[in-house]
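Try each task before you read its solution.

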Amino acid sequence: MNMLALRAVLAALLMGTSLGGCSLPYFDTCEGTEAAVAELDQLPALELRPKGAAVVGGDPWSGAECVDDTAGAWLTADRFHAYGGTRREVVEYYGREASAAGWRPVSSLDRGLDRGFAVFCFESPDRPSITLAFTSPEQLHEFYGMQPHPAELLGVEARTLYSWSAEAQPDGSRMDC
């Protein structure tokens with residue numbers, strides 16, 4: 001196809017979508033999201049944690065940011081924890097406490113507990129979604145180069161590592177799991 005024909009096809013496509021009420025996809029960016037990021041980071045549900053769970057602070061373990069990639073932008077606020085108990089105890093705690101605070105699990109909380117990486121999502125009708133994700137020290141080292149073990153950073157004995165994070169649209173509104 002020559003350049004003139006290609007331009008004609010593109011012009012027809014653009015004109016057709018604008019006359020038909022459709023438009024090219026709009027992708028949000030992180031521009032102007034500072035207030036929404038700060039608000040998400042203060043979400044009270046992020047402070048929920050089982051007794052004995054220690055928060056691993058500092059980037060990339062805890063904090064909030066706007067993520068902007070090829071699929072668009074979204075907000076995330078993370079809390080990474082080291083815990084001496086089991087994954088089942090963590091899941092039972094959040095299943096109970098998140099539900100009491102107005103978030104419901106999207107799927108069964110009994111699946112995937114024995115896998116190296118397991119993710120559970122909680123939704124609320126009018127608030128950001130919250131994700132509970134388990135990982136291993138090996139995965140942390142592979143993905144983030146984290147060394148030593150997060151529990152050693154805190155001086156605690158932990159056999160369960162997990163993150164509790166909230167996700168929202170760039171304006172701070174609800175986002176599906």
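## Exercise 1: strand pairing

Strands β5 and β6 (residues 129-135) run antiparallel and are joined by five bridges. This is a predicted model in which local features need pLDDT of at least 70, side-chain atom pairs count only at pLDDT 80 or more, and totals for chains, interfaces and linings use all residues. Residues are numbered from 1 along each chain as its sequence is written, and side-chain values use heavy atoms, leaving out hydrogens and water.

Task: find which residue in β6 is the bridge partner of C121, then look for the other pairing of β5.

Solution, step by step:

1. Strands are DSSP runs of E with at least two residues, helices are runs of H or I with at least four, and both are numbered from the N terminus. Two strands pair if DSSP finds at least two bridges between them.
2. The partner of C121 in β6 is T131.
3. Five residues lie between β5 and β6, and the two strands form a hairpin.
4. β5 (residues 118-123) also pairs with β4 (residues 104-105), antiparallel and over two bridges. There, R104 has E123 as its partner in β5.

## Exercise 2: a loop residue

Task: decide whether T33 is buried or exposed, and list its contacts beyond four places in sequence.

Solution, step by step:

1. T33 sits in the loop between α1 (3-19) and α2 (34-41).
2. Buried means under 20% relative accessible area, exposed over 50%, and partly exposed in between, with a 1.4 Å probe and protein chains only. T33 counts as buried because its relative accessibility is 5%.
3. Contact means heavy atoms within 4.5 Å. Leaving aside neighbours within four places in sequence, T33 touches C66, L75 and P170.
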